[in-house]
Amino acid sequence: MGGKLSLIASELSPRMGSDVKISKADLVGGAHAKEIRALLDQRGVLLFRGIAPEDRELRAIARTLGDLRIGGVKRGADGKVLNEGEEGVLKVSLDEKVNPDYARFLIGNHLWHMDGTYEEIPPLATLFTPFKLSKTGGDTMFANTYAAFEDLPGEEKAAFEKLNVVHMMQAGLFPAKRNCTVEEFAVWASYPPRSYPLVWHHRSGRKSLVLSTSAAYVEDMHPAESHDLLQRLIAHATQDKYVYRHKWQMGDLVMWDNTGAMHRVLPFDRESGREFHRCTLNGEEPITAAA
Ligand SMILES: [Fe+2]
């Protein structure tokens, strides 16, 4: 807590998101890094207006908060590594010239998801700042999966804590591109499935639902029941009361806790050149169930 002043933060919605007032210099210098980490855990989404970080500043801010992800992390059957940015900054764009590795996967971003549900330890958090916005659409929505768990009836909480869910890339991407080619589907299917507990017992002692469009099925459950349960839980967790919808302005820096939130982007003009720069913080704990 090296800074002189405490953070000034106001709620963006009752159960999700805070607007934080801090100078760019303090943010880059890490003056309030511990407070920001704690607030991120509590509020899920943090908004810093008017920061407009350059890439080197975005990296510096990320490094004050955690372990910045560098380079490629995932490889599909087509041999392509999904590169998160050799310099730690990924350009998020639908334009394959801007983002040759990732653009084809970004269609799935329109559906509620967590990032990195193909990894043993999903990313901790994302830092996101716009470089070009679409004139229409493109708001990002965030849903608090801690709050969604907290509000479930006690008997459901207990039952869900015993369940495991298999996550698959094709489950995340096929609903976003039903007219995919067989080859595209084969690439998605080449990413290994992951089984995670439905309820994450975080080291902090808090619990969240692990939900995402990548959630394909509940293990050891009839497919019909599994389908209905996952659909119901996504609908539950994305009710307005758990959601913050962010309307972007140039200069914004938004960070979100990928371990306790889902997110999605609303449709926007594909020809707009919409582009964001992103830093990812590596995860710090695996998704574990109750001991
Ligand atoms: Fe995402």
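**Reading the labels**

Mentor: Ring pairs join Phe 128, Phe 142, Trp 248, Trp 256 and Phe 276 into a cluster. Before we go on, this is a predicted model, in which local features need pLDDT of at least 70 and side-chain atom pairs count only at pLDDT 80 or more, while totals for chains, interfaces and linings use all residues. Residues are numbered from 1 along each chain as its sequence is written, and side-chain values use heavy atoms, with hydrogens and water left out.

Trainee: What makes Phe 128 and Phe 276 a stacked aromatic pair?
Mentor: Rings of Phe, Tyr and Trp (its six-membered ring) pair if their centres lie within 6.5 Å, and planes under 30 degrees apart count as stacked, over 60 as edge-to-face and the rest as tilted. Phe 128 and Phe 276 have 4.5 Å centre to centre and 15° between the planes, and they are stacked. The pair links distant parts of the chain, 148 residues apart: Phe 128 is in strand S7 (residues 125-132) and Phe 276 in strand S17 (residues 275-281). Helices (H or I, at least four residues) and strands (E, at least two) are DSSP runs, numbered from the N terminus.

Trainee: How many aromatic pairs does this rule give?
Mentor: The count comes to 7 aromatic pairs.

Trainee: Why is Ser 18 called buried?
Mentor: Buried means under 20% relative accessible area, exposed over 50%, and partly exposed in between (1.4 Å probe, protein chains only). Ser 18 has a relative accessible area of 3%, so it is buried. Ser 18 lies in strand S2 (residues 18-21). Leaving out residues up to four places away in sequence, Ser 18 touches several others, including Glu 11, Arg 43 and Leu 47; contact here means heavy atoms within 4.5 Å.

Trainee: And why does Lys 162 count as exposed?
Mentor: Its relative accessible area is 68%, so Lys 162 is exposed. Lys 162 sits in the loop between helix H5 (154-160) and strand S9 (164-167).

Trainee: How do you know that Arg 43 and Glu 11 form a salt bridge?
Mentor: A salt bridge is a side-chain nitrogen of Lys or Arg within 4 Å of a carboxyl oxygen of Asp or Glu. For Arg 43 and Glu 11 the closest N and O atoms are 3.8 Å apart, and the pair forms a salt bridge. The two residues are 32 apart in the chain, with Arg 43 in helix H2 and Glu 11 in strand S1 (residues 8-11). At 12% relative accessibility, Arg 43 counts as buried, whereas Glu 11 is exposed at 55%.

Trainee: What about Glu 57 and Lys 24: how far apart are the closest N and O atoms?
Mentor: They are 3.1 Å apart, and this is a salt bridge too. Glu 57 in helix H3 and Lys 24 in helix H1 are 33 residues apart. Glu 57 has a relative accessible area of 11%, so it is buried; Lys 24, with 28%, is partly exposed.

Trainee: How many salt bridges are there, and which residues are linked in a network?
Mentor: The count comes to 17 salt bridges. Arg 37, Arg 203, Glu 284 and Glu 285 are linked in a network.

Trainee: What makes His 113, Asp 115 and His 263 donors of the iron ion?
Mentor: Donors are N, O and S atoms within 2.8 Å of the metal (3.2 Å for Na, K and Ca); water is not among the atoms, so sites may look incomplete. His 113 (NE2), Asp 115 (OD) and His 263 (NE2) coordinate the iron ion at 2.1 to 2.2 Å. Their spacing in sequence is H-x1-D-x147-H. His 113 and Asp 115 are buried.

Trainee: How do you know that Arg 206 lies over the face of Tyr 146?
Mentor: A charge sits over a ring if NZ of Lys or CZ of Arg is within 6 Å of the ring centre and within 35 degrees of the ring normal. Arg 206 is at 3.6 Å from the ring centre of Tyr 146 and lies over its face. Lys 157 lies over the face of Phe 149, at 5.6 Å from the ring centre.
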